[in-house]
Structure formats: C-alpha cells, structure tokens
Amino acid sequence: MPSTPNSAPNSAPNSAPNSALSARQLAFFVLRDIDKGAFADVALERNIGKFTLAPADRRLATELIYGIVRRQRTLDALIDQLGKRPADQQPADLRRILHLGFYQLRYLDHVPDHAVVDTTVQLAKHQRLGKLSGVVNGMLRQYIRLQAADSDPLELPTDTMQALGVFHSYPDWIIQAWHQRLPAEDVAKLCEWFNQTPKIDLRVNRLRTTVEQVVTALSDHGLTVTSHATIPNAVRIVGPTGNVRKLPGYDEGWWMVQDSSAQLVSYLVDPQPGETIIDACAAPGGKATHLAEMMGDT
C-alpha cells in the first residue's frame, strides 16, 4: 500500500461540493479529535460551527460519530479482513475514512450504496490521500459484492465469546464477564440492547406550552417524536437529534431533557400548590423544577 501523504489541516475545507459530503467531513474531523483524546460531545460542539448543514445532515453526522465510536471493533475487523494491512497498521486518516464508509454500508439503511462509495471516495480526495482513494473505493465495493451474495461480509472467530465481541463491538473481557453471569444468548441480547441508539426523553414545561405544540414543532423539524404512553408531559425523540440546543423550543424553555423514569418520581411525590417540598439531593435540579411546575410555582 502506498505511503500516506501529509494529512490535511484540522479545519473544514471551503471547497466542499455539497452538504452530504460536508456531513461526512464534520464526522471525520470529530473522529480525528476523539482519537487525540477529546470527548465526543465536546469535539462535535467544537467542529459543528465550521459547517453550514441542514438539520438532516447534522443528524447524519451525529449518527456517524457516535455510531463509529460504538462499533469500532467491528469496523476494524472489516478492515482487517478486506484490506492488505490490518486496521492498526493503516494510515490514521484512511482508517477513519474506511470507518465512515463501512459504518454506512453496514448500519444505515437510508443511504444508497452508490452514495456511500461516492461520498467516501470524495472525502478521501479532500483529505489529500491521493492514490489511497482507490483503496477506499475498492474495499467498499468489495464489501457490497460480498453483501450482494446474501451473506454477511463480516467473518467471525470460531470462539463463541470472541465472535460476540467482534460482531457487537465489545472487548473480550466484557463479554467474558457477562458470560460468567448469563447464558450466551442473553449476553447477545445484552450487547444488542446497549448498542441501540439512545432515545431522548423531554419533559414539556406545561407552564409555557403544551405537549401537542412541542410534538408539532419537533416533527416539523424532521424528527420522529411520540408522546409517552403513561407519563403525561413526556415526549420521546426516536433516532438521532443533532445538537439539542438547536431544536425548536430549547431557547423558549418549552422543555428540558429528562429521562421518563426521572419524571415519574415527581408524580409519585404528587406535590400540591402551597406545600413546602425539600429536594435533599438536587443536582442539577431536574426533578426540583418539575415539582415546581406541578405546583404551579406556588
């Protein structure tokens, strides 16, 4: 494999031809910062202002970043299998770009294969990887050919525990620790559960708006939103959201992020207007403000 050219500077190029490529570029820069030790949310916040992206592209970039971090072992296994060198011997930027391509092919069903190949190869060229863009093209197309043969392109170890680790992207020691307590089929279910994209629950501030208004505003923003079946003022967002501070209603104080299980506590307390309520463990105060809302601030 040819040696890698000097990496492009860690800033967003001004020549990105479209927002689809820009979403991948944003994800690439954030992944690079994460590899240098940054926290994912901090790196995303630091880089997202360099790009002008539609909400859908922001959500795509967020899904790519967190998904690749979550699935790194599996993605590296694909590079080990399909590349001429193992993942840990690949040039760092090439490895990140292959992660972006393989993640989309394997875990996203709304991006056509041809679009994945095209944008990933373009990204390699924008990062001045030269002939290595051909390596990207070849490896991604090889994955697509194997997938078209009605089989999983990922080859798994013969050892059951190692196979679970590679398939679900967990270190062997975690799989072994779980297996000491659970049968193998339950370990697999646990891996699947923890790999789900987290759902975000919001608590609607009924002193300022209604659940219906929040659901409509978020749905118009392109999000999949449902009201909670059993908790009156809870709204659940399914799928990636992007930066929650940019969502409708954030600046207006219509809602705050709070898990539905945490919201349930206030209903169990059942505070009444005029009562004195002491929250002895408040930090940062989500339940305390919920109690105040339910009391009408009285």
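Two strands pair if DSSP finds at least two bridges between them. I take helices (H or I, at least four residues) and strands (E, at least two) as DSSP runs, numbered from the N terminus.

**Entry 1. The model.** I am working from a predicted model, in which local features need pLDDT of at least 70 and side-chain atom pairs count only at pLDDT 80 or more, while totals for chains, interfaces and linings use all residues. Residues are numbered from 1 along each chain as its sequence is written, and side-chain values use heavy atoms, with hydrogens and water left out.

**Entry 2. Annotation.** I looked up the UniProt record, an unreviewed entry, and it places "domain: SAM-dependent MTase RsmB/NOP-type" on residues 190-298. Such positions are in the numbering used here, feature names are shortened, and annotations may be inferred rather than shown by experiment. In the model, I find 31% helix and 16% strand in that span, and its end C-alpha atoms are 44 Å apart.

**Entry 3. The sheet.** I traced an open sheet of four strands, with order β2-β3-β1-β4 and antiparallel pairing. The edges are β2 (224-227) and β4 (255-257), each with a single partner strand, so one side of each has no neighbour in the sheet. From one strand to the next, the twist averages 30°.

**Entry 4. Strand by strand.** I started with β2 and β3, which run antiparallel and are joined by four bridges. A hairpin of six residues connects β2 to β3. Thr 224 stands opposite Val 238 in β3, and Thr 226 has Arg 236 of β3 as its bridge partner. Next I checked β1 against β3, and they pair in the antiparallel sense over four bridges. Which residues face Arg 203? I find Ala 234 opposite Arg 203 in β3, and Met 256 as the bridge partner of Arg 203 in β4.

**Entry 5. Helices on the sheet.** I noted helix α11 (residues 211-220) lying across β1, β2, β3 (234-238) and β4, at about 165° to β2. Helix α13 (residues 286-294) lies across β1 and β4, at about 35° to β1. Axes here are lines fitted to C-alpha atoms, for helices over the stretch in contact, and angles run from 0 to 180 degrees between N-to-C directions. Contact means heavy atoms within 4.5 Å.

**Entry 6. α5 and α7.** Two packed helices are described by the angle between their axes and the distance between the axes. I read an angle of about 25° and an axis separation of 10 Å for α5 (residues 92-107) and α7 (residues 132-148). The two are therefore roughly parallel to each other; angles under 35 degrees count as roughly parallel, over 145 as roughly antiparallel, 65 to 115 as roughly perpendicular and the rest as oblique. The contact includes Leu 94, Ile 97 and Phe 102 of α5, and Val 136, Met 139 and Tyr 143 of α7. I sorted the contact residues of α5 and α7 into 11 nonpolar, two polar and one charged. Here Ala, Val, Leu, Ile, Met, Phe, Trp, Tyr, Cys and Pro count as nonpolar, Asp, Glu, Lys and Arg as charged, and the others, Gly among them, as polar.

**Entry 7. α2 and α3.** I found the axes of α2 (residues 40-48) and α3 (residues 55-70) coming within 11 Å and crossing at roughly 145°. The contact is made by Ala 40, Asp 41, Leu 44 and Ile 48 of α2 with Arg 58, Thr 62, Ile 65 and Tyr 66 of α3. These residues comprise five nonpolar, one polar and two charged.

**Entry 8. α9 and α10.** The axes of α9 (residues 172-179) and α10 (residues 184-194) come within 9 Å and cross at roughly 130°. I therefore list α9 and α10 as oblique to each other. Ile 175, Trp 178 and His 179 of α9 meet Ala 184, Val 187, Leu 190, Cys 191 and Phe 194 of α10.

Entry 9. I checked the peptide bond between Ala 283 and Pro 284: it is cis, with omega about 5°. Pro 284 sits in the loop between α12 (260-269) and α13. I also noted Arg 128, which is not a glycine but has a positive phi of about 60°. Where is Arg 128 found? I place Arg 128 in the loop between α6 (113-126) and α7.
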